[in-house]
Amino acid sequence: MLEVRQLEARYGDLQVLRGVTLRVGEGEVVALFGPNGHGKSTLLKVLSGLHPPAAGKVGFNGQDITALPAHRIVELGIAYIPEERHLFRDLTVYENLNMGAYNMRARPKMASNLEFVFSIFPRLAERRDQMCSTLSGGESRMVAIARGLMSEPALLLVDEPSIGLSPGLRSAVFEAIGQINREKGITILIVEQEIRHALKLAGRIYMFKKGQVLFERPADEVDVAEIEKAYF
Amino acid sequence: MANLINAIVSGLIAGSLYAAMALGLTIIYGVSRVFNFGHGIVALLGAYIAWLFLGQMTGGLLAGTLVSLVAMFLFGLLVYRFTINPLLKKPGWETSTVLFLLGAGILLENVLLQVFGPRVKSIPSFLPGGLRLGAVQVNWHELSLVVIVLAAIAALNAFFKRTRTGQAMRSVAQSIPGAQVVGIDIDRIYGLTFGLAFAVTGFSGILLGTKYYLNPHIGWEWMVKGFVIVSFGGLGSTSGAIYAAVILGVVEAIAVLYLSAIWVWPIWFVLFMVLLLLRPQGILGGRL
């Protein structure tokens, strides 16, 4: 579904992605591990069109999407859930979700997607008319994920969804992501530092370091210790 | 006492016209963070376009207004596409767009001077006669201006809340990355915002033209007042701009009553300085 080949990216003169090659198959949950500051978030930003690639190719379902602008990538079915969330703070939960369904493909599916989103995040149903600026960290995380789902994606790029959350909320978020993959068949590429949880969720993992893929493994053939060792 | 009440009424009317004018400025800034220093000239241009149609046909003002709205919308789109868009892609755009729009305003002012000449023009009031409630005098025309402004504000509110494009503009105003991840074409929204803002501003110019004399230089007066108003209201807040416009309109009218017309400009600038010293983010500002 997603084919990334020798992808490079820069911030000014700083080379952040140094030739990333990876792939995500349809229906998979693939986890991306690696130390902070090595380019994982940048990778997701380039894949979603928020940052320009310097070299390399990105293919989605056989189509070359390498230099497409962000709104075209959303139209094609890729939704990016940034770590910073970037919610519309002066709009309500419902209004944010409504904006999530902005693209033309998502409009007819809005009612059913809303129902699904409220079923996996019941807390949001309670808070639907509340301003996003008043939500707790966990709740705004849920809104960010839910808003991404409203765009009717085939592929979800999730950047550290559990960061800064309490253990209970962390489990709830991972549970929800699992449900999204199982019940909707949405393919997931997830960047995480919560290795234990992510390993249970993922079918395959990539280890990412210094702007490149270090190794790739099926999730059941690797343990937490090995991954933690690879961090250093 | 009667004089004071009449002054306040007059100030409210002027304030509502200023509010209409400040809206366009707020809309552009709120969505794109570009401050349109040529704003007053845009209002004036809208007024002059409508003025062209006066006396050419029956219903000339209405036809002129419609043409003005369409022409100003297209003008806004073009200004964005060919000048602002390229500037936004380079660093330092906050300054370059300000300087560019200021320069473009000066250029446009002189074009208007060449085309229309220095003699003042005015757009006739559309309703004769007035109303007298005790000592208070209001004419129908000015009341109708307030009604029109209120209707325009309500229409804009509905546009921002209920239409897909209006909602997209609101979203872009709050978070550009957020707008990107939901699939909004930021560039397209910016263009439409400039178009909408120019049309609204031109329309406010037509309304102002029925109450004040038009000449190419009055655009700068409107610009400065608009600048002070949106600063008072809080940059990016449309409701703030409306409240500020009405308050400042009334203050201006009272000042003219008790001091004299010469004091209008000093009053505006003193108020502005007080604002900057006490609450620079404006009354409803803070969410820049």
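Student: How many helices and strands does the secondary structure of chain A come to?

Tutor: Nine helices and 10 strands. Keep in mind that this is a predicted model.

Student: Why is chain A called as compact as a globular protein of its length?

Tutor: Set the value against the rule. The globule rule gives 17 Å for 232 residues. The radius of gyration of chain A is 17 Å, close to that figure, so chain A counts as being as compact as a globular protein of that length. Along its principal axes, the C-alpha trace spans about 45 × 35 × 30 Å.

Student: What share of chain A counts as buried, and what makes a residue buried?

Tutor: The test is 20 or more other C-beta atoms within 10 Å of the residue's own. Of the 232 residues, 45% count as buried.

Student: What makes strand 1 and strand 2 of chain A a pair?

Tutor: Pairing needs at least two bridges. Eight bridges join strand 1 (residues 2–11) to strand 2 (residues 14–24), and the two run antiparallel. A:Glu8 stands opposite A:Arg18 in strand 2. Two residues lie between the strands of this hairpin, where A:Gly12 takes a positive phi near 65°.

Student: How many residues of chain A are in contact with chain B, and what makes a contact?

Tutor: A contact puts two C-beta atoms within 7 Å. By that test, 19 residues of chain A are in contact with 14 residues of chain B. Helix 2 (70–76) and helix 3 (93–100) of chain A each supply at least two residues of this side. Helix 2 gives the largest share, four residues.

Student: How do the residues of that side of chain A divide?

Tutor: Into nine nonpolar, six polar and four charged.

Definitions and conventions:
Residues numbered from 1 in each chain as written. Chains lettered and ligands numbered in written order. Predicted model: local features only at pLDDT ≥ 70, side-chain atom pairs only at ≥ 80, totals over all residues. Rg over C-alpha atoms; globule rule 2.2 N^0.38 Å. Buried ≥ 20, exposed ≤ 12 C-beta atoms within 10 Å, placed from the backbone. Nonpolar A, V, L, I, M, F, W, Y, C, P; charged D, E, K, R; others polar.
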